[in-house]
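Let's take a friendly walk through the pockets and nonpolar cores of this structure. Keep the 3D view open as you read.

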Amino acid sequence: MRPILLHGHLRSLTRIRYNADGDLLFSASKDNKPCVWYSANGERLGTFNGHNGTVWDLDVTGNSRYLLTGSADNTCKLWEVETGKCVFTWETRTAVRAVSFALGDEKALFVTDATMGQQSTIHIVPIEADPIDQSSEVLRSIVVSGPKITVAVWGNLNRSIITGHEDGTITEWNPDTGAKIKSAKNHEKQITDIQFSTDKSHFMSSSKDHCAYLTDAKTLKIMKRFVTERPVNSAILSPIRPHVILGGGQDAMDVTTTSLKGNKFESRFYHAVFEDEIGRIKGHFGPINTLAFHPNGRSFSSGGEDGFIRVHHLDEDYFEFKYEEENFNDLPPAR
């Protein structure tokens, strides 16, 4: 398996995301130019120019018409994917840390940071079908007291919003009333990523406490635990196999103080049921900051502190691998 190396960013990656069809890969980094690539061959289609600071997060609509980006320049921008044109900008008081489109693409959320005397706030905004009608109207603002939000995503059927916090707490919010539904202190340190399964019944959470957990979306109870010896920056679920991939590594500022052998900048595969590590893929020269699985489950991409995106098309050997317990052919016939 020879990966495709994509080098279009000058600084470390913060988020990569496939569109629903899987033919496009969007990337954001600590430079101010999000990019879009063909996922099959790694050709860069273009950049989205307009931000003046780190782009922390991005999301794309189900029909790949619009891209939403949140930046440290105190703006959240809506872009037309086909033309690369910015069609609307929301001005905020602090940096925008997380963005997410709701199912149906008629609403979106963005989260502003708890800095400069402000508290973390979830802003829910309508997304108009015609960009000319787009306004700065906010449907609801949920002010979050306590530890700041580091990641936020819509829950199943837009009935909830799931947020991860700096202290390791995961919280579920009602987007219609702004009320807190439930909260669970699953991690000991900052939550770095939350990624849902295809049916949104459960999600992977990763943290700087060296752990990633498979969590039930309805109860926020931990179902499976994956423990490593380094901070985990991203964790993803395969859409077609019972596997998860973890990516991370020690913080970039600590890399020069230890030997190269101990840095462990690999993508690590685990079995989602048995919790065993089943493989590793090396390649990055720094911590892996973000991971994304192709919607068809046959490839995945990783973005690192080194500024590279590596697109891995998985070999057939990977799809043939099974534990003995996964063979159902030798089960007795049903009576």
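In this predicted model, the largest pocket has a volume of about 1,100 Å³. Its lining is made up of 40 residues, and Arg17, Tyr18, Phe196, Ser197 and Lys200 are the closest to its centre. Strand 2 (13-18), strand 6 (55-60), strand 10 (96-101), strand 14 (149-154), strand 18 (191-196), strand 22 (232-237) and strand 26 (288-293) each give two or more residues to this lining.

Two or more lining residues come from each of strand 2, strand 6, strand 10, strand 14, strand 18, strand 22 and strand 26.

The table sets out the two linings by residue class.

| Pocket lining | Nonpolar | Polar | Charged |
|---|---|---|---|
| Largest pocket | 22 residues | 11 residues | seven residues |

Now for the nonpolar cores. The largest one has 14 residues, and Leu68, Cys76, Leu78, Trp90, Phe101, Phe110 and Ile127 have the most contacts inside it. Strand 7 (66-71), strand 8 (75-80), strand 9 (86-91), strand 10 and strand 11 (107-112) each supply two or more residues to this core.

Which residues does Leu68 touch, leaving aside its neighbours within four places in sequence? Its contacts include Cys76, Leu78, Trp90 and Phe101, as well as Asp57, Asp59 and Lys77.

There is also a second, separate core of 13 residues, with Ala98, Leu109, Val111 and Trp173 among them.

Note on methods. Residues numbered from 1 in each chain as written. Predicted model: local features only at pLDDT ≥ 70, side-chain atom pairs only at ≥ 80, totals over all residues. Heavy atoms only, no water. 1 Å grid on protein atoms, 1.4 Å probe; cavity = no way out; pocket = protein on both sides within 12 Å on 5 of 7 lines; lining within 4 Å. Points joined across faces, edges and corners; volume = space filled by probe spheres on them. Helix = DSSP H or I, 4+ residues; strand = E, 2+ residues; numbered from the N terminus. Nonpolar A, V, L, I, M, F, W, Y, C, P; charged D, E, K, R; others polar. Core = buried A, V, L, I, M, F, W, Y, C linked by side-chain atoms within 4.5 Å. Buried < 20%, exposed > 50% of the residue type's maximum accessible area, 1.4 Å probe, protein only. Contact = heavy atoms within 4.5 Å.
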